[in-house]
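Please keep the sequence and the coordinates at hand while reading.

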Amino acid sequence: MNGLFENTKIAFASRSDAELKKSLLLLKLISSSFLNKAGIAVIKFLLTLRLPINFLMRRTMFDHFCGGTTLEESQAVVQKLNADNIDSCLNYSIEGINLEAGFDRTLEEILRTIEASSPELGSSFAVFKPTGYGSTKLFEKVSRKEPLTSDEVEAWKRVKQRFHLSCEKAIERNLKLLIDAEESWIQPALDDLLEEMMATYNQDQVVVYATVQLYLKERLPYLKKLIESSRKAGYQIGIKLVRGAYLEKETNRSLEHNVPNPLCPSKEATDINFDKGLELLLGHLDHAAVFIGSHNEASTLKALKQMKNTGIPENHPRVCFAHLFKMSDNISYNLSNKGYNVVKYLPFGPVNKVIPYLIRRAEENTSVANQTTREIELIKTELKRRKQA
Ligand SMILES: Cc1cc2nc3c(=O)[nH]c(=O)nc-3n(C[C@H](O)[C@H](O)[C@H](O)COP(=O)(O)OP(=O)(O)OC[C@H]3O[C@@H](n4cnc5c(N)ncnc54)[C@H](O)[C@@H]3O)c2cc1C
């Protein structure tokens, strides 16, 4: 297995020299802490002035990290990935919605995305963000088990209805549906909701996947309990396993509210937690399906080792390795080349609506700086290899 992810010829076979050079430039820009912070500040400032920055974004971050502005545009990328045996999960990436009309529009868009996806077309997964379907405030209040006003009771019913409609549509199209995880303070409401969805829709097969963020200390015990309780209740579980993307927000909030920080105390502790969670799920594939959302090479190699040692075939339908579009292609393409199931998260949406997602991606890149450095090195290696070939 050692050296599996070093093969840059396989990793970048689908990208031209010009594309690689463009990626290199952009990655260098966002890996520089100063330029990254300055760039984000400039974009936010231009946005407050309502200046048209779509062109700038389209030519840079958008083109790199997104599939297109519309579903139709993104299908071309889905086909390209499919030709390399890589599955796609079209991700309608608008964030920061907080009105009922906005939640309904998001639902429409998600249903349209599910309708346009199918395993035959090379997109077997669909995804949505819980706060696309209901306000963070409402999720928070339900999480705290506070009494709701009559309007809130109605709003919560509509949230549940949007979840159900999405699950039903996914079943109709023979897709699997991933539900993202966000901040820890809305997680209790989401746990209840998703356990209800899994009990309803994951009877004969795994359709619904909940996301478990293992940078949160209490999530490994939760995962163990969920395996037990779902076995008892007679339904199967789908789990998207991630480390977690809201590191700074979680820390700031715990300081502001003077409550214990829910995060693992260090990156190393998160890594241990993540690997234990992954090991646990790979040991329960009779009952659970796992979607591994991580660019971490060491964790991926551990999973491959466990699969090999316990006789889990490379293409086991309940194990998927997932990465963001144009990230960790060295893992994606080399895994796919060896017959493992690989999925790319493919964000799409109107440029102006996707900007908050892209800003979050750029901000996240400063906390996963090693990863970007690794990408830069791999692209340089490939460009050098091509020159010498
Ligand atoms: C397909 C896919 C889907 C995703 N979906 C979601 C989602 O629904 N919700 C979500 O929150 N995230 C999601 N993510 C993002 C994910 O949680 C990580 O932020 C990102 O993938 C980086 O983690 P890593 O395992 O890839 O790599 P690594 O670079 O090994 O890990 C970086 C991560 O380690 C953790 N970490 C870093 N420093 C510390 C520290 N000091 N203390 C504790 N922990 C630390 C953080 O979680 C950080 O993001 C998704 C990622 C992918 C690839």
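The model is predicted. Its strands E1 to E8 form a closed barrel of 8 strands with parallel pairing. By the rule applied, the count comes to 1 cavity of 30 Å³ or more, and the second largest pocket has a volume of about 440 Å³.

**Barrel**

- The order of the strands around the closed barrel is E1-E2-E3-E4-E5-E6-E7-E8.
- On average, neighbouring strands of this sheet are turned by 30 degrees against each other, direction being ignored.
- Strand E1, residues 87-92, pairs with strand E8, residues 342-348, in the parallel sense over 6 bridges.
- Tyr92 has Phe348 of E8 standing opposite.
- Helix H14 (residues 329-337) packs on the sheet, where H14 touches both E7 (319-324) and E8. The direction of H14 makes about 135 degrees with that of E8.
- In general, the strands of a sheet pair through backbone hydrogen bonds, in either a parallel or an antiparallel manner.

**Largest cavity**

- The volume of the largest cavity is about 40 Å³.
- Its lining consists of Gln187, Leu190, Asp191, Leu194, Met198, Ala210, Thr211, Val212 and Tyr222.
- Two elements, helix H9 (187-201) and strand E4 (208-213), each give two or more residues to this lining. The largest share, 5 residues, comes from H9.
- By class, the lining of the largest cavity divides into 6 nonpolar, 2 polar and 1 charged residues.

**Second largest pocket**

- A total of 20 residues line the second largest pocket, and Glu19, Ser23, Asp63, His64 and Lys326 lie nearest its centre.
- Helices H2 (17-31), H4 (54-65), H5 (71-83) and H14 are the elements that give two or more residues to the lining of this pocket.
- H2 provides the largest share of the lining of the second largest pocket, with 6 residues.
- The lining of this pocket comprises 7 nonpolar, 4 polar and 9 charged residues.
- Both domain 1 (1-66 + 352-389) and domain 2 (71-348) contribute at least three residues each to the lining of the second largest pocket.

**Asp271 and its contacts**

- Asp271 is located in helix H12, which spans residues 267-282.
- Which residues does Asp271 touch, not counting residues up to four places away in sequence? The contacts of Asp271 are Arg243 and Asn296.
- Asp271 and Asn296 are 25 residues apart in sequence, and their C-alpha atoms are 9.1 Å apart in space.

Terms used. Residues are numbered from 1 along each chain as its sequence is written. This is a predicted model: local features need pLDDT of at least 70, side-chain atom pairs count only at pLDDT 80 or more; totals for chains, interfaces and linings use all residues. Side-chain values use heavy atoms; hydrogens and water are left out. Two strands pair if DSSP finds at least two bridges between them. Helices (H or I, at least four residues) and strands (E, at least two) are DSSP runs, numbered from the N terminus. Axes are lines fitted to C-alpha atoms, for helices over the stretch in contact, and angles run from 0 to 180 degrees between N-to-C directions. Contact means heavy atoms within 4.5 Å. On a 1 Å grid over the protein atoms alone, a cavity is a set of points where a 1.4 Å probe fits but cannot get out, and a pocket is an open set with protein on both sides within 12 Å along at least five of seven lines; lining residues have an atom within 4 Å of a point. Grid points are joined across faces, edges and corners, and a volume is the space filled by probe spheres set on the points. Ala, Val, Leu, Ile, Met, Phe, Trp, Tyr, Cys and Pro count as nonpolar, Asp, Glu, Lys and Arg as charged, and the others, Gly among them, as polar. Domain bounds come from an automatic or database domain assignment.
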